[in-house]
Amino acid sequence: MIMGEAGSQENSSRLLMQLEHILGSDPLIDEVGFIHPTQLMALNGGSTGSLDVSAHGSQHSSDHVVETDILQPNSSVFWIKDHKLAISTQALLPLHNAAKHAFTTALRQYKMLHNICTKTDRLVDETVSNRTLASENLPESEVMKHSKSLLLLSCDFGSAWNARKLVLSKNQQLSLFMDELLLSALILSYSPKSDFAWTHRRWVIKTISGKCPNMQEIVEKESKLVENIAEKLKMNYRAWCHRCWLIPYMAKEQMLSELTKSKQWAELHVADNSCFHYRRKLMLRIIEDSCSRQLPEFCFNHVPDLYQMWKEELDWDETLIRRFIGREALWVHRRFLSQCWIKHFVSDLQGAFCHSKNHPGISHDVHSFMYNEMQLFHACLTVLDDEFEDGQAQATLAAAYILWVSKQIPQSQGIKLEDMLRELGGLKTLLNKLCPFRAQLWDGLMS
Amino acid sequence: MGELEMEKHVRYILTIEKKKDDFVSLVIEHLRINGAYWGLTTLDLLGKIETIDQDEVVSWVMKCQDESGGFAGNIGHDPHILYTLSAVQILALLDKLDVLDIDKVSNYVAGLQNEDGSFSGDIWGEVDTRFSYIAICCLSILRRLEKINVEKAVDFVVRCKNLDGGFGSTPGGESHAGQIFCCVGALALTGSLHHIDRDLLGWWLCERQVKSGGLNGRPEKLPDVCYSWWVLSSLVMIDRVHWIDKEKLARFILDCQDKENGGISDRPDDAVDVFHTYFGVAGLSLLEYPGVKAIDPAYALPVDVVNKIIFKK
Ligand SMILES: [Zn+2]
């Protein structure tokens, strides 16, 4: 029994060495998969040639002498080709245990050494740092190596992410920070929801933001990464939060280009509320940047552009609503657009941008706005004729939307909207009929 | 409609602890303390907390404490505010808060407040409204709310409010039922609910209920038992719970039970886990299901525990 356990422990640390050798030899691995042992066997299909990772890189000059055959990856556990790595699910448990053990040991040593260094700093300062970088670097590279293996196997092992932050915060080499972006991107490619991985990226970006000359490029790449990951897993809240978080790092031009890019994406993913939310956030930020901290005249000059942007978004959203029947995210977006439209552009209300002067070609009229929305509403009711569930959903969403818009127009303004909104009484009946399980809600909102 | 399988859920929770060495339990070992909180609270709501060895739990929880005062998700891991709240809630549940160095824990939590009133999750500085709730809840249980700048903390939460009435994880973040629970909870515990437009937020929350009766967490998502807790507790706190169809929701939760082996899943016929078992039972508690103890929507602890600890009743 004991012999067997010791044997398997030895075996698992050998597997870990092999994994770390693979990772060290090919820093460009961009995909990791955990697959069933029989699948892995099939992939390796007798040709062990693809397993010769030492052919990929020769950076391992010093340790290379050490037992090359031990480092030769076990073909029933690993498969690697074209920077893609597959690991047998059967090996996950022993690999995880070995990685965790190696990581914990390395971190303990690193912390011990670091404590000694900081305590004796004053006495030996120069000598310590000059003595041998290699021996001082050893524990930290061990921490980096083992935490990487551990995180590839178990992406939510927070202490391993933290250990990397600790090492990096003492080092400050820009290239090392870039490596962190690669590692977390690799992990996100198969664990797209990993909160720890997203958090780690934000920490990296925050840390380098003051020192990095090409921030704009990094932010662009970051945004693209979110798009790729959002493509693989729809409605990924953490991913889109990350993209929203990037906005304050963007210049106006970049925000405008993000709006253009995300438009195409949104058209292909009309149910993904997160993408529409990203657009809302961009639009609000553009308004803020154009207006809040500027002089009123400056803001005034921007009104035609902003008006145009809003008008186009409203029209675009309407086109999508008419094309894709019963999509909640499109109506959520419309609620937002109308709310801001009424707040900012409708002159006879509290419109913040309307001041006294008028811009030619800009309609500030709430009546014509409402007229259009009612047209849309009626058009959506006719879809009811078909028996599909989507038609019913569309009618419900349209009716709830009209209720929403009516609540955005302050009653104190004494506007003659009664003609249009007289139908509100009928609206309650309609909503109760369309969506009876929300009867208490409609009652609460309209009593 | 079936009944709530209380006995089976109790048995299910008591057996999870025994499975420790498969890969799945390994990859979640870092949040074992959250799991302990979910399991123990469920047991208490079902009136069976005395079936576990309380001293064993307390001594294990205390081994998760770091020298900083914060708690880790398991022995030997790094501390985080997420796990610190679970530790404090477990000790409150077992009426063992006296084993804590209250000032040490509350200093750890208070030390995570930032200049703008927000809270970091740990020393590495990630900000999220979840952490605001956790800090406020933790310090309320420990009766040390005065250690933070409550006004600024509230300001930050209010800055995360969206035009749709909901709240996100940071200013401008998308509204999400889980984040809304945290923000409403933080405002409730600090007596700041006047910052909320109850009709507007109530509307958003009620639109989470879908035809099957279940609740989702955001527009266009599938219903999921865990939102029974996040949406319902928020509705209770803003006094709009009468706007949803409670009966349909209760039926949805009951349909997610594993009637053979116990436990509750996210949706009917999915695999059960302790997380959804807790949220299902807690949801039924808010729906006043007979035989389940009442739970406090802000503290996420049984009402009798809150009364004893907070109000010294
Ligand atoms: Zn869930």
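In which sense do strand 2 of chain A and strand 3 of chain A pair, and over how many bridges? Select both to find out: they pair in the antiparallel sense over 4 bridges. (Strands are DSSP E runs of at least two residues, helices are H or I runs of at least four, both numbered from the N terminus, and two strands pair if DSSP finds at least two bridges between them.)

Before going on, some housekeeping. This is a predicted model, where local features need pLDDT of at least 70 and side-chain atom pairs count only at pLDDT 80 or more, while totals for chains, interfaces and linings use all residues. Residues are numbered from 1 along each chain as its sequence is written, chains are lettered from A and ligands numbered from 1 in the order in which they are written, and side-chain values use heavy atoms, with hydrogens and water left out.

**Stop 1: the sheet in chain A**

Stay with those strands and pick Phe78(A), which stands opposite Ile87(A) in strand 3 of chain A. Strands 2 and 3 of chain A form a hairpin with 2 residues between them, and Asp82(A) in the turn has a positive phi of about 50 degrees.

Together you have an open sheet of 3 strands in the order 1-3-2, with mixed pairing. Strand 1 (31-35) and strand 2 (78-81) of chain A are the edge strands, each pairing on one side only. From one strand to the next, the twist averages 15 degrees.

Next, show residues 37-44 of chain A. This is helix 2, which lies across strands 1, 2 and 3 of chain A and runs at about 45 degrees to strand 2. (Axes are lines fitted to C-alpha atoms, for helices over the stretch in contact, and angles run from 0 to 180 degrees between N-to-C directions.)

**Stop 2: a helix pair in chain A**

Select residues 366-382 and 389-408 of chain A, helices 16 and 17: their axes come within 8 Å and cross at roughly 160 degrees. The two are therefore roughly antiparallel, a label for angles over 145 degrees. The residues in contact (heavy atoms within 4.5 Å) include Phe369(A) and Phe377(A) of helix 16 and Tyr401(A) and Ile402(A) of helix 17. By class, this contact has 12 nonpolar residues, 1 polar and 1 charged. (Ala, Val, Leu, Ile, Met, Phe, Trp, Tyr, Cys and Pro count as nonpolar, Asp, Glu, Lys and Arg as charged, and the others, Gly among them, as polar.)

**Stop 3: where the chains meet**

Show both chains. The contact takes 49 residues from chain A and 46 residues from chain B. Between them the chains bury about 4200 Å², 55% of it on carbon and sulfur atoms. (Buried area is the accessible area, with a 1.4 Å probe, that two parts lose on being put together, summed over both.) Highlight Tyr237(A), Phe437(A) and Leu441(A): they supply 17% of the area that chain A buries against chain B, more than any other three residues.

**Stop 4: two helix pairs in chain B**

Pick helix 9 (residues 177-189) and helix 11 (residues 226-237) of chain B, which pack at about 35 degrees with their axes 9 Å apart. Their contact has 10 nonpolar, 4 polar and no charged residues.

Finish with helix 3 (residues 32-45) and helix 13 (residues 274-286) of chain B, whose axes come within 9 Å and cross at roughly 35 degrees. Look here for Trp38(B) of helix 3 and Phe279(B) of helix 13, both among the contact residues.

Notes. Angles under 35 degrees count as roughly parallel, over 145 as roughly antiparallel, 65 to 115 as roughly perpendicular and the rest as oblique.
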